[in-house]
Amino acid sequence: MDAATLVIWLMALVVGAIAYFRPGRLHVQGLKIGWELLLTMSPRVAMAIFIAGFFSELIPTDLVASWFGRESGVRGILLASLVGGFTPGGPHICFPIAIILFKSGAAVPPLVAYLTAWSLFAFHRIITWEIPLMGYRFMILRIVSSLALPPLAGILTAAVQTNVWTGM
Amino acid sequence: MLRAYNFWFGSVQNTLFSSEAQFLSVFISGNVAMPETTRKKKIALLTDKSFLLFSAIALIAGVICYARGKAVFLRSVDTSLSMLLELAPRVVAAFFMAGFVQVLVPKNLITKWIGAKSGFKGITIATLAGICTPGGPMIAFPLIAALYKLGADYGALVAYVASWEMLGITRLLVWEIPFMGVKFALLRFTVSLILPFLAGMCTRKLASLFASSLYSKDQT
């Protein structure tokens, strides 16, 4: 069992135990929500993983390496921010894409920029949630204020990687 | 100043909730009425648009792979299956954890935290609250809307949204650690910690800029 699996199971057990010892049978409610999530999401995640697997053969890896690889620098970070902002769909699409990019030779800073841009500007969420509930003006104000964050996250990651955290 | 704010943000608040009663129900329960209807058809795979769309894309990509040769196709299926085997145990635990976290974090508390404070303190609290807010957009956005209605500071609101989107605990534990690993997730999380502050500060600047320019236009 690897570190990620261990961490997730430990966390699940800990929050489950907290829920169990709280009054109001919260753990039953939590299990129900978890089960519903599992039923709705796992078929989608499975399909998304197959998409990622097929694309891993279709995407030219040398292109990924030269666009987002270690040598790509700030240009790679900016490009990744742009691509991330226009990636449609939820996390079950975005994370498999990130894995494939990683395995095809993308460096960590562009990947961080990609994931940050996708989290901030995912337009399915803007259309289904933000505009109906908050309106256009808030949406525009938020997007303008957040525009610089994905490249910043990428550049900060590169700085941390080279100066502090040389393990990755 | 106030008039300009109303010009920019007033109409937004009107579109938020059609009635005060609806707002109150959202505020109390932290949920818009819609989850009830979506929950009923949970297992019906054939009506799940996302699943159908994904299947269609997978099918097309698979056919293209097969057209490139049987070896390519088999290799890609092998990649997918090993990824599936690697991720399945993590994702299962992650979903149950998400369920527990969702019932444990009281939504009213988050609303109280951000609603009451503004300025730099408000942005700090909003960033922390964004990290702690569990669940997907169906949980977070009604909450944000409720805060908006309560008159929370715009800087704090944007910091809250940015923090939830970049650092939210569900995103981190359910998706990022299972897919990208602990090291990557930790590195990204630490690096991104200051970013919601920047967004919040930027929003406050922009909001006051808009407000003053609109105000002077009103005067002349």
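Before continuing, a word on conventions. The model is predicted, so local features need pLDDT of at least 70 and side-chain atom pairs count only at pLDDT 80 or more, while totals for chains, interfaces and linings use all residues. Residues are numbered from 1 along each chain as its sequence is written, chains are lettered from A and ligands numbered from 1 in the order in which they are written, and side-chain values use heavy atoms, with hydrogens and water left out.

Is Trp67(A) buried, partly exposed or exposed? Buried means under 20% relative accessible area, exposed means over 50%, and partly exposed lies in between, with a 1.4 Å probe and protein chains only. Trp67(A) counts as partly exposed because its relative accessibility is 41%.

Together with Leu63(A), Leu79(A) and Val83(A), Trp67(A) makes a nonpolar surface patch of about 320 Å². Areas come from the Shrake-Rupley method with a 1.4 Å probe, and for residues only the protein chains shown count as cover. Helix H3 (61-68) and helix H4 (73-85) of chain A each supply at least two residues of this patch.

Let us now turn to the interior. A nonpolar core is a set of buried Ala, Val, Leu, Ile, Met, Phe, Trp, Tyr and Cys residues joined through side-chain atoms within 4.5 Å. The largest such core has 93 residues, and Leu115(A), Trp175(B) and Met180(B) are among those with the most contacts inside it. Helix H5 (residues 70-104) of chain B gives the most to this core, with 13 residues. The core lies between domain 1 (3-47) and domain 2 (59-165) of chain A, because both give residues to it; these bounds come from an automatic or database domain assignment.

What does Met180(B) touch, leaving aside its neighbours within four places in sequence? Its contacts (heavy atoms within 4.5 Å) are Phe95(A), Ala98(A), Ile99(A), Leu111(A), Leu115(A) and Trp175(B).

Finally, chain B has 12 helices and zero strands, and buried residues make up 50% of its 220 residues.

How values were computed
Helices (H or I, at least four residues) and strands (E, at least two) are DSSP runs, numbered from the N terminus. Patches are made of residues with over 30% relative accessible area and no salt bridge: like charges are joined within 9 Å, nonpolar side chains (Val, Leu, Ile, Met, Phe, Trp, Tyr) within 5 Å. A salt bridge is a side-chain nitrogen of Lys or Arg within 4 Å of a carboxyl oxygen of Asp or Glu.
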